[in-house]
Amino acid sequence: DKIAATRQEAEAQESRDLTGAGTLLLVEDEDAVRAFSARALRNKGYNVLEANSGETALEILEGDGEAPIDLLVTDVVMPRLDGPSLVKEVRQTRPDLKVIFISGYAEDSFRKRLDEETGIHFLPKPFSLKQLAGKVKEVLGE
């Protein structure tokens, strides 16, 4: 089966090379998770901006004229401004911004709240560095 063989080759390729380029905004209110994720992504070649809240993320996005952000990686559940609310806000000025939500909750329950928006991806917690890097690469490659 030629297609299966091609897919296996692609997966083998994927598992080897998780490096990439681009600027990511990582929004996570748990310092340990944010530090670990940011370090992992920087090691893969990404420029990572960090925010510890939805509010901080908005400030960064409003002031990022110099470094356009290619991807928003945000926790779903955060105090005050949560992930989905942050994305709604951001999409008003950046309708095409790609988003990865990270969450320990079931995907379905909050997917419904997003009305099947395009460019939204999901990474369940807990995730490995490889899963995180792989997801980022996959989404940026779309």
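Reader: Which elements of the chain have the lowest and the highest mean pLDDT?
Author: For this predicted model, the mean pLDDT of the chain is 84, and 77% of its residues reach 70 or more. Among the elements, the lowest mean, 55, belongs to helix 1 (residues 2-16), and the highest, 97, belongs to strand 2 (residues 47-51).

Reader: In what order do the strands of the open sheet lie, and which are its edge strands?
Author: The sheet is open, has 5 strands and is paired in parallel, with the order 2-1-3-4-5. Strand 2 and strand 5 (120-124) each pair on one side only, and neighbouring strands are turned by 20 degrees against each other on average, direction ignored. The order is thus 2-1-3-4-5, and the edge strands are strand 2 and strand 5.

Reader: Which residues make the contact of helix 2 with helix 6, and how do they divide by class?
Author: At this right-handed crossing, helix 2 contributes F36, S37, A40 and L41, while helix 6 contributes L129, L132, A133 and V136. By class, these residues divide into 7 nonpolar, 1 polar and no charged.

Reader: How is helix 3 oriented to helix 4, and which residues make the contact?
Author: Helix 3 (residues 54-62) and helix 4 (residues 83-93) pack at an angle of about 15 degrees, with their axes 10 Å apart. Since angles under 35 degrees count as roughly parallel, helix 3 is roughly parallel to helix 4, and the crossing is right-handed. The contact has 5 nonpolar, 1 polar and 1 charged residues, and is made by G54, A57, L58 and L61 of helix 3 with L86, E89 and V90 of helix 4.

Reader: Which strands does helix 6 lie across, and at what angle does helix 6 run to strand 5?
Author: Helix 6 lies across strand 1, strand 3, strand 4 (98-103) and strand 5. To strand 5, helix 6 runs at about 170 degrees.

Reader: Where is P126 found, and is the peptide bond from K125 to P126 cis or trans?
Author: P126 is found in the loop between strand 5 and helix 6. With omega near -10 degrees, the peptide bond from K125 to P126 is cis.

Reader: Where does R80 lie, and what is the phi of R80?
Author: R80 lies in the loop between strand 3 and helix 4. Phi is positive here in a residue other than glycine, with a value near 55 degrees.

Technical notes. Residues are numbered from 1 along each chain as its sequence is written. This is a predicted model: local features need pLDDT of at least 70, side-chain atom pairs count only at pLDDT 80 or more; totals for chains, interfaces and linings use all residues. Side-chain values use heavy atoms; hydrogens and water are left out. A crossing is left-handed if the near helix is turned anticlockwise from the far one by less than a right angle, and right-handed if clockwise. Helices (H or I, at least four residues) and strands (E, at least two) are DSSP runs, numbered from the N terminus. Contact means heavy atoms within 4.5 Å. Ala, Val, Leu, Ile, Met, Phe, Trp, Tyr, Cys and Pro count as nonpolar, Asp, Glu, Lys and Arg as charged, and the others, Gly among them, as polar. pLDDT is the predictor's confidence in each residue, from 0 to 100. Axes are lines fitted to C-alpha atoms, for helices over the stretch in contact, and angles run from 0 to 180 degrees between N-to-C directions. Angles under 35 degrees count as roughly parallel, over 145 as roughly antiparallel, 65 to 115 as roughly perpendicular and the rest as oblique. Two strands pair if DSSP finds at least two bridges between them.
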